[in-house]
Protein chains: 2
Amino acid sequence: MSSRSRSWWGWGAADEALPDAECVALGALVSDAVQTPLPVPDVAALALPKVRIEPPRALAPVMSAAPEDRASHTYGKAYRDVIRALNGDLAPAPDQVARPSTEQEVIDVLDWAADTDVAVVPYGAGSSVVGGVEYRADRHRAVVSLDLSSLDQVLEIDRVSRAARIQAGALGPGLETQLRPHGLTLRHFPQSFEFSTLGGWLATRAGGHYATLYTHIDDFVESLRVVTPVGVNESLRLPGSGAGPSPDRLFLGSEGALGVITEAWMRLQERPRHKASATVLFDDVHVAMDAVRAVAQSGLHPANCRLLDPGEAALAGVARDSQSALILGVESAHVPVDGRLAELLTLARDHGGTPLPTAPGTPNAAADTWRSAFLRMPYLRDALARMSVIIETFETACTWDRAPQLYESVRSQLADVVREVTGAAGTVNCRFTHVYPDGPAPYFTVIAPGRRGEEVAMWDRIKSAAMEILHDLGATVTHHHAVGRDHRPGYDRQRPEPFALALRAAKAALDPAGILNPGVLLD
Amino acid sequence: MSSRSRSWWGWGAADEALPDAECVALGALVSDAVQTPLPVPDVAALALPKVRIEPPRALAPVMSAAPEDRASHTYGKAYRDVIRALNGDLAPAPDQVARPSTEQEVIDVLDWAADTDVAVVPYGAGSSVVGGVEYRADRHRAVVSLDLSSLDQVLEIDRVSRAARIQAGALGPGLETQLRPHGLTLRHFPQSFEFSTLGGWLATRAGGHYATLYTHIDDFVESLRVVTPVGVNESLRLPGSGAGPSPDRLFLGSEGALGVITEAWMRLQERPRHKASATVLFDDVHVAMDAVRAVAQSGLHPANCRLLDPGEAALAGVARDSQSALILGVESAHVPVDGRLAELLTLARDHGGTPLPTAPGTPNAAADTWRSAFLRMPYLRDALARMSVIIETFETACTWDRAPQLYESVRSQLADVVREVTGAAGTVNCRFTHVYPDGPAPYFTVIAPGRRGEEVAMWDRIKSAAMEILHDLGATVTHHHAVGRDHRPGYDRQRPEPFALALRAAKAALDPAGILNPGVLLD
């Protein structure tokens with residue numbers, strides 16, 4: 001666990017939360033209807049539901065029912081989670097928070113829970129924005145949040161094969177710190193990097209640093225070790241295999257419903273020695289999309305390939321006058337990359353782009369500006385939430401043939417919904433976070449003024465409208481935020497019915513007592 | 001279906017089989033103990049088991065119990081299959097061969113089979129070398145081979161996203177012919193390319209053209225359409241998704257045990273305009289392995305990266321004097337590749353290799369020599385089989401840290417087994433067919449003189465010894481040949497037990513009557 005004090009109600013580090021005055025100033029950019037920030041309640045003074053179960057003696061040392069622990073493990077970090085926490089609504093709080101420091105303790109918690117009908121919600125660092133760590137059912141005797149953060153070690157490094165055995169509770173910075181002396185890196189940098197764990201990334205199929213080729217954490221998995229209620233599932237360490245359906249792929253994306261990932265052998269990268277990046281501007285967002293497609297289909301595999309639409313580009317300060325910005329980055333541990341960047345820029349220019357001048361070897365200011373805004377964004381989201389501004393980010397993927405229509409439909413249809421729900425125009429911006437030869441992964445940000453006391457209801461209406469639009473267009477309900485509970489309506493419609501039967505059967509086989517994260521993926 | 005007449009007993013096209021005199025000459029290279037080739041029986045004269053079931057009237061037009069159909073659908077093309085066919089042993093022949101020409105007919109066959117307790121063995125083009133299409137149980141009333149080869153059309157092409165909807169029964173050449181006018185290619189070229197189907201590749205996770213990045217057909221799947229006994233499973237066309245465990249990954253590698261793949265949206269490539277290749281020689285095979293590892297970890301992603309050990313290189317005529325040969329190839333539809341090849345050759349030279357001189361722009365003779373030998377190999381295998389020579393090819397994958405030991409152990413331990421079984425030294429050669437940053441996929445070829453009448457028993461002993469050695473070293477039982485029935489002992493031990501429970505449960509949910517390819521993957 002990071003030594004910095006974590007916010008129990010909002011994103012990340014408590015001391016990074018914006019002070020009230022900044023919340024007010026930020027909120028005023030969206031609306032002047034709300035003048036004061038929602039106060040942050042004193043967690044010790046909050047009314048938590050009664051604790052319904054005590055741990056058995058053997059597990060007592062790793063369990064806690066302290067109010068701070070229960071409060072901080074009640075929700076993830078979705079907008080609706082933050083609002084409810086600020087409102088002091090902690091109704092779904094777990095009865096206990098378990099912090100095992102050995103795999104045997106994970107097994108013992110599951111055994112005890114299965115025997116006593118206690119639901120277990122696996123918890124990495126709680127950055128879920130889809131209700132992935134919030135128990136919402138009421139058919140169990142009690143609920144335990146199973147916090148893996150004490151299992152945070154890099155246990156073994158295979159320098160030759162460039163791989164490491166890493167415990168699931170390791171946070172991004174912690175695992176990188178342990179790999180750095182070996183010249184290696186996992187290079188998985190989701191926005192939540194500081195406040196999410198390897199196990200969480202694996203269980204949710206997180207999207208990472210690479211815009212092309214290695215977009216999901218899935219691609220870096222050599223083998224998984226998963227504690228299920230019927231035994232430990234450990235796959236062989238293999239660079240590739242064709243022996244039946246991949247066992248690992250069943251657990252990747254299983255969101256704690258099929259087992260608890262305790263460790264994984266992960267493929268690593270050498271630290272890049274050569275890097276180059278550049279920004280390309282486009283006057284027309286559709287021209288920009290065609291250029292990004294050409295890049296995605298070129299086989300040049302940029303590490304970064306992020307398209308910001310005019311709204312995003314303006315917000316990030318990297319373009320103006322309705323221009324779109326494409327941020328390209330290439331990197332290598334072995335060979336110089338300036339030639340590859342030049343090829344990419346030629347391609348972008350051939351497709352109507354205007355590269356911003358960058359002196360060779362100097363950092364790309366636009367990329368840096370964007371990157372720091374990116375990591376700061378969740379704190380700004382919380383500040384706006386305190387001003388009752390409605391913010392939702394959702395992400396998807398579709399094939400290129402439908403991308404322009406998706407972009408236009410989401411923007412126009414969702415703008416209508418925002419107007420209907422909030423009475424204001426709001427903004428709907430878009431960026432492409434990852435791109436594939438056959439399609440992009442668009443990421444939308446919606447910002448609109450809300451009404452105090454109605455934030456969650458307003459957010460829910462916008463969220464479900466967004467899901468409806470994606471469904472109508474045949475786009476996925478999530479590219480890398482996972483399903484959790486908030487995306488269930490879209491997921492249930494997207495998932496082929498025979499596969500749903502197979503998944504339910506697999507769940508019943510692996511978790512016969514039905515204690516593992518009830519309500520995610522399946523009922 | 002190819003218009004060329006297919007061999008009912010051996011590989012590929014009937015007219016490509018070697019004449020008797022060539023069989024004798026080839027056999028003499030291995031042993032002079034056997035002087036005459038096993039005769040090829042007249043299929044019309046063979047005793048086939050009695051047909052136990054007649055089709056219902058509605059399905060009669062797509063079903064056949066003709067001896068030629070039953071004989072040619074009895075086995076795949078493993079060595080033991082060829083020997084048994086030559087011996088006229090067709091005991092496991094299916095009762096009927098169904099050739100549906102619509103998906104509805106596939107559904108109708110499954111419905112009828114489930115109702116009447118008839119086992120259904122999905123059949124693409126029958127190139128399985130692992131017993132994937134041979135019914136070996138005896139608990140069903142009858143057996144139908146479900147031949148998909150009439151469903152062979154490219155139904156739709158999305159030029160923008162570079163993808164096509166292709167029916168599962170399309171053979172390699174047929175689908176490429178349909179894609180060529182659009183300037184696109186699937187570029188999946190397994191050794192069986194001419195005589196295997198898209199559906200077969202998907203069901204067995206076939207390995208293809210690309211030595212790096214896109215090694216398995218899995219990577220080119222956008223969505224699958226699978227007929228299961230409980231309904232049609234169709235996934236969304238998506239370039240990427242994080243919505244729960246991948247539905248497609250459950251069916252990829254399911255080998256006909258969970259459903260019948262009828263079509264797929266496949267990611268395509270533009271036809272490469274730039275190609276370059278070169279051969280690098282090494283005096284020491286372990287130095288060569290280190291060089292290949294450097295290439296695999298360089299991020300340069302050669303399309304071809306095939307290491308031939310001294311025995312393979314000598315057989316292929318690309319090296320001599322105990323040298324190993326590394327064949328490198330790069331290709332691109334968009335940018336020249338000579339620079340990338342030069343970088344690869346620098347890397348290989350830095351790691352102790354000696355590139356063979358090739359004039360720029362001229363074809364690489366060694367690569368071409370090797371490629372034609374590669375496609376010819378199965379016919380030579382059949383010719384040697386007719387001379388009772390024992391031949392087995394098996395392939396695996398392991399991490400780089402274990403690769404040298406795997407290479408040495410397989411060669412020495414298997415040589416011992418070969419000597420014990422055959423009384424002769426035999427040869428055990430190896431090549432790396434695909435390479436990953438974290439490990440290679442070694443492919444072994446075993447050749448030794450056999451004794452007439454004991455071929456299958458001798459082969460079985462060598463096969464099971466090979467599986468044992470791979471298991472002891474933690475290598476996968478198969479990288480791209482699949483599991484079928486022949487690899488079950490190794491697969492059963494490799495597969496994590498909780499995953500086995502989940503897979504059995506999924507099978508029971510999707511195939512409640514247990515009619516689909518009984519015995520592959522699961523009992």
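**View 1. B:Gln96 faces B:Val144 of strand β4 in chain B.** This model is predicted. Strand β2 covers residues 96-98, and strand β4 covers residues 142-147. Three bridges join the two strands, which run parallel.

**View 2. Four strands of chain B form an open sheet.** Their order is β1-β2-β4-β3, and the pairing is mixed. Strands of a sheet pair through backbone hydrogen bonds, either parallel or antiparallel. The edges of this sheet in chain B are β1 (63-64) and β3 (118-123). Each edge strand pairs on one side only.

**View 3. Helix α4 of chain B packs on the four-strand sheet.** The helix spans residues 103-116. It touches β1, β2, β3 and β4 of chain B. The direction of α4 makes about 150 degrees with that of β3(B).

**View 4. Seven strands of chain B make another open sheet.** The order is β15-β12-β14-β13-β17-β18-β16, with antiparallel pairing. At the edges of this sheet in chain B lie β15 (354-355) and β16 (389-395). Each of these pairs on one side only.

**View 5. Strands β17 and β18 of chain B run antiparallel.** Strand β17 holds residues 427-436, and strand β18 holds residues 439-449. Nine bridges join them. In one place, B:Asn429 has B:Thr445 of β18(B) as its bridge partner.

**View 6. Helix α10 of chain B packs on the seven-strand sheet.** The helix runs over residues 338-350. It touches β12 (274-282), β14 (324-332) and β15 of chain B. The direction of α10 makes about 10 degrees with that of β12(B).

How values were computed
Residues numbered from 1 in each chain as written. Chains lettered and ligands numbered in written order. Predicted model: local features only at pLDDT ≥ 70, side-chain atom pairs only at ≥ 80, totals over all residues. Heavy atoms only, no water. Pairing = 2+ DSSP bridges. Contact = heavy atoms within 4.5 Å. Axes fitted to C-alpha atoms, helices over the stretch in contact; angles between N-to-C directions.
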